[in-house]
Amino acid sequence: MACKTCSVPFKGTPEQEKELKAAIALMKDEPGSLMPIIQKAQEIYGYLPIEVQTMISDETGVPIERIYGISTFYAQFTLEPKGQYQISVCLGTACYVKGSNLVLEKIEEILGIKPGQCTPDGKFSLDSCRCVGACGLAPVMMINGEVYGRLTVDQVPVILAKY
Amino acid sequence: MYRSHVLVCGGTGCTSSGSLKVKEAFEKAIKAEGLEKEVAVVETGCHGLCQMGPVVIVYPDATFYARVEAKDVEEIVKEHLLKGRIVKRLVYEEAQTEDGVKTLADTNFYSKQVRVALRNCGVINPEDIDEYIGTGGYEALGKVLTEMTPDEVIQVILDSGLRGRGGAGFPTGLKWKLCRPNQADKKYVCCNGDEGDPGAFMDRSVLEGDPHAVLEAMAIAGYAIGSDQGYIYVRAEYPIAVERLKIAIKQAREYGLLGKNIFGTGFNFDIDLRLGAGAFVCGEETALMTSIEGKRGEPRPRPPFPAVKGLFGKPSILNNVETYANIPQIILKGAEWFASMGTEKSKGTKVFALGGKIKNTGLVEIPMGTPLRTIIENIGGGIPNGKKFKAVQTGGPSGGCIPAQYIDIPVDYENLASIGCIVGSGGMIVMDEDNCMVDIAKFFLEFTVDESCGKCTACRIGTRRMLEILTKITDGKATMDDLTKLEELCLYVKNNSLCALGQTAPNPVLSTLKFFKDEYIAHIVDKKCPAGVCKALMTYNIDPAKCIGCKACAKGCPANAIKVNANSEVKEGKKLPYLVIGDECVKCGACQATCKFGAIYKK
């Protein structure tokens, strides 16, 4: 199961757990309340790791595979957390031939995560993206919407250190 | 009483262009001038002309200010509200005349429109139930509960000729009639607010601008079919609509217009909200119902139809937001009034979301049967930049294209169906000569491939194979054999898919193949994209007459594809090295953006 490989250890607080359990207790007898419960859980935790899915399963009595099925069906739900700073490296053609794959590799090396994952401290999450339309600045990456262009591998640690 | 009202649009379009700041600025400036007892500021729903946002309308004279920024507000307050002088430079260009301004209703964009579903959008404050009641709101529900039997209600809807506005165009009254006789301990009224077609936003505007109309209509539907519970399924991506629906439901409950014993008649009806979670297929009726039940939103085979076995296995009806928005008006003004608009088989009005290569993008509501030319040329203001009109895409990923030769076609269900197109939910994307039809078909297919739920093979695998062939065509690697295969696949997917998503997914391909086959052939045989869109089929070239050999492009080239031409010619007496682009080119266009002399062109 994909969530087994989750790169971030689960760090739910007792307050979060209490909030979720209270919400489930309030909603669970309503017909069709599973979706709103899962939405609430994502609102509380920001994502749906296996621990949270298990909690929902325990409280509602719904088998975990059904909850996993729903969590993976809808685009809104995510099993991986997003970091405080979301990095996306352009792997469009123009950036790729200018070596954005090397930039990506360097970031992976520094942060120790793969695209789609988040660092254990929740600070950075990493994604690759298609062309951002800044081919003149290739290779390009974005951190929380801010564009860094004409990147070299040497610049990567300097930029990441700013955050 | 206020002597003047300032209406600031709070729809999604205008909010994105900063209308909330404008509203704050008005409140501040009006207070600063001591006018707060004379002038009221109202945040409304969408006016339709999203292109011109943020939109501000000052009543009683209905002056239409367009693209208002916070810094303009002080001038409007000091000049218009204090001294009664209209700030002409900020008035919507088309409403300006030589001797003053015309009213909004007289501008091209509005004069051809008839607003039924959108009648309150941009006029009332959607967060205040009293304003809705003030325009005749909940009167229809009162009339239905106290003067009419459920069968009479259904008959009125049947007589009005109202058909589903979500896309399929099934007669609404018939849907209700089929559900009414089915006995069960519980029945459900559902509202489809899972508007997912790219480029369509009419339901969002109704929910944002006039949420009570939908609640009232659902209660009427509940009375007609014998249900006491409604569900509105709305996209989570529409936060403003969700918020306003929550407020509206709360207010309606407080006023006793939802809940137990409505109007003291013993009729009970309540409504709950369910948020979607980002799945296009949930716009399909059975998938929407399985999603409300809290499962993966996959469609199921019909029959049994929802009227017999729908939500939670009980008899249910599902109507679209815009369909509901028409119903209170039909009850109040009568079936004849509604049936007097439109064509023989398509009655009433329809809201379209006009977008793409058109001057006035926004929402327009027109009587069914209005010629396409009126929509494009009069209401939409034509194609910008003097380009030539090529086609209109309607119905999003389930629809097709209306080519230029059919520009005089009256827009209604039958006429569009006759040329392989659909009214659909009402997205209308206008395309000009610069749009490649193969690329458009590919765009919609990418969408359906992403959104196919995967339950049935025809849709899951069929659409993917179709996309592969289309990609081959736009890459210039296809043969005429592929085109035959593509057509076969289209028919296969259409005939064998479980739900409407798959059954209609080939439409964008079939329709472009029907009217623009020459473009497909140009891609396959000549390896050319006539519109100059498909990257793989274009080449970048350097015009030796303009190139001065500065090499700025070569420095910016990511692929080092630009080199000095060994055979450079003599120019103005001097031998200048001009450049050429080689096979390494990745067609990113960076060189064209860099060149200060306009020497680089694509062909």
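The legends below describe close-up views of a predicted model.

**View 1. Overall layout of chain A.** Chain A contains seven helices and four strands. In sequence order, these elements follow the pattern α-α-α-α-β-α-α-β-β-β-α. Along the principal axes, the C-alpha atoms of chain A fill a box of roughly 55 × 25 × 25 Å. The chain is divided into domain 1 (10-73) and domain 2 (85-161). The centres of domain 1 and domain 2 of chain A, taken over C-alpha atoms, are separated by 33 Å.

**View 2. Packing of helix 1 against helix 2 in chain A.** The axis of helix 1 (residues 14-27) of chain A comes within 10 Å of the axis of helix 2 of chain A, and the two cross at roughly 165 degrees. Because angles over 145 degrees count as roughly antiparallel, helix 1 of chain A is roughly antiparallel to helix 2 of chain A. The crossing of helix 1 of chain A past helix 2 of chain A is right-handed. From helix 1 of chain A, the residues Gln16(A), Glu19(A), Leu20(A), Ala23(A), Ile24(A) and Met27(A) take part in the contact. They meet Pro36(A), Ile37(A), Lys40(A), Ala41(A), Ile44(A) and Tyr45(A) of helix 2 of chain A. By class, the residues of this contact between helix 1 and helix 2 of chain A comprise nine nonpolar, one polar and two charged.

**View 3. Contact between chain A and chain B.** Chain A contributes 20 residues to the contact, and chain B contributes 23 residues. On the side of chain A that touches chain B, helix 2 (34-45), helix 4 (64-73) and helix 5 (93-97) of chain A each supply at least two residues. This side of chain A is made up of twelve nonpolar, seven polar and one charged residues.

**View 4. The four-stranded sheet of chain B.** Four strands of chain B form an open sheet with mixed pairing, in the order 2-1-3-4. Strand 2 (39-44) and strand 4 (63-65) of chain B are the edge strands, each pairing on one side only. On average, neighbouring strands of this sheet are turned by 20 degrees against each other, direction ignored.

**View 5. Strand pairings within the sheet of chain B.** Strand 1 (residues 4-9) of chain B runs parallel to strand 2 of chain B, and six bridges join them. In this pairing, Thr44(B) in strand 2 of chain B is the bridge partner of Cys9(B). Strand 1 of chain B also pairs with strand 3 (residues 56-59) of chain B, in the antiparallel sense and over four bridges. Here Tyr59(B) in strand 3 of chain B stands opposite His5(B). Three bridges link strand 3 of chain B to strand 4 of chain B, again in the antiparallel sense, and Thr63(B) in strand 4 of chain B stands opposite Val58(B). The hairpin of strand 3 and strand 4 of chain B has three residues between the strands, and Ala62(B) in this hairpin takes a positive phi near 55 degrees.

**View 6. Packing of helix 10 against helix 13 in chain B.** The axes of helix 10 (residues 211-225) and helix 13 (residues 321-333) of chain B lie 8 Å apart, and the helices pack at an angle of about 75 degrees. Helix 10 of chain B is therefore roughly perpendicular to helix 13 of chain B. Helix 10 of chain B contributes Ala213(B), Val214(B), Glu216(B), Ala217(B), Met218(B) and Ile220(B) to the contact. The residues from helix 13 of chain B are Val321(B), Tyr324(B), Ala325(B), Ile327(B), Pro328(B) and Ile331(B). The residues of this contact between helix 10 and helix 13 of chain B divide into eleven nonpolar, no polar and one charged.

Notes. Residues numbered from 1 in each chain as written. Chains lettered and ligands numbered in written order. Predicted model: local features only at pLDDT ≥ 70, side-chain atom pairs only at ≥ 80, totals over all residues. Contact = placed C-beta atoms within 7 Å. Nonpolar A, V, L, I, M, F, W, Y, C, P; charged D, E, K, R; others polar. Pairing = 2+ DSSP bridges. Axes fitted to C-alpha atoms, helices over the stretch in contact; angles between N-to-C directions. Domains from an automatic or database assignment. Parallel < 35°, antiparallel > 145°, perpendicular 65-115°, else oblique. Left-handed = near helix turned anticlockwise from the far one by under 90°.
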